[in-house]
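Colleague: I am new to this structure. Please take me through a few of its features.

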Amino acid sequence: MAQSRYGPRERMVFSAAQLIRRDGVAATGMRDVAAHAGAPRGSLQHYFPGGKEQLVNEAVDWAGRYAGGRVARFLAGLDTPTPSGLFAAMAAQWTDEYERDGFAAGCPVAAATVDCAAAGTSTREAVAAAFTAWRGPVAEALAGMGVPAARAASLATLMISTLEGAILLARAERDVRPLTTVVRELGPLLDAAAGRAEPEDRT
């Protein structure tokens with residue numbers, strides 16, 4: 001998202017997501033968001049009368065929709081779309097970032113989940129909705145590649161859960177190997193669900 005193309009409100013939602021993924025919800029202040037977005041401090045109350053909770057919820061919503069929207073772009077980048085290829089592309093987004101920029105940031109939805117597990121109902125609902133907004137397009141993509149619809153949703157949950165865990169391990173270990181490992185190990189299972197497993201070598 002090129003911030004210069006958007007108004008103050010959109011920039012603040014985007015900035016909140018970026019700060020949450022780096023610092024967590026508790027350490028992300030409203031003034032920090034305004035400064036990051038280059039927006040007047042006075043605009044915070046104008047655009048977010050519900051305060052920080054509203055801003056966090058909207059940032060989480062943005063992140064879920066962004067993740068869901070990237071699924072189609074990942075598929076478009078594959079010469080031959082496969083479940084394993086989609087998962088590899090999802091993981092490569094993080095591998096590339098960590099190799100380029102370091103391990104400072106994670107998923108803003110996951111960060112909000114951890115920080116707000118005991119918070120207000122609205123934030124928990126926003127987090128759940130964000131994961132649904134991500135999981136739905138993944139499941140649809142799997143179904144389009146031949147995975148039975150009844151199983152596609154379960155595998156989408158598995159893919160996202162596995163990716164989130166690998167992101168956490170990669171940040172803790174300061175190493176991308178957890179990401180490359182889950183791609184290698186989960187790929188065959190995903191392709192088998194679509195009937196695309198490699199033939200068994202009987203020689």
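Modeller: Helices (H or I, at least four residues) are DSSP runs, numbered from the N terminus. Here, Arg22 lies in helix 1, residues 8-23. The model is predicted: local features need pLDDT of at least 70, side-chain atom pairs count only at pLDDT 80 or more, and totals for chains, interfaces and linings use all residues. Residues are numbered from 1 along each chain as its sequence is written, and side-chain values use heavy atoms, with hydrogens and water left out.

Colleague: Is Arg22 buried or exposed, or partly exposed?

Modeller: Buried means under 20% relative accessible area, exposed over 50%, and partly exposed in between (1.4 Å probe, protein chains only). Arg22 has a relative accessible area of 45%, so Arg22 is partly exposed.

Colleague: Which residues is Arg22 in contact with, leaving aside its neighbours within four places in sequence?

Modeller: Contact means heavy atoms within 4.5 Å. With those neighbours left aside, Arg22 touches Ala104, Ala105 and Arg171.

Colleague: How are two packed helices described?

Modeller: By the angle between their axes and the distance between the axes. Axes are lines fitted to C-alpha atoms, for helices over the stretch in contact, and angles run from 0 to 180 degrees between N-to-C directions. For helix 1 and helix 4, the axes come within 8 Å and cross at roughly 80 degrees. Angles of 65 to 115 degrees count as roughly perpendicular, and helix 1 and helix 4 are therefore roughly perpendicular to each other.

Colleague: Which residues make the contact?

Modeller: Among them are Met12, Phe14 and Ile20 of helix 1, and Leu55, Val56 and Trp62 of helix 4.

Terms used:
Helices (H or I, at least four residues) and strands (E, at least two) are DSSP runs, numbered from the N terminus. Angles under 35 degrees count as roughly parallel, over 145 as roughly antiparallel, 65 to 115 as roughly perpendicular and the rest as oblique.
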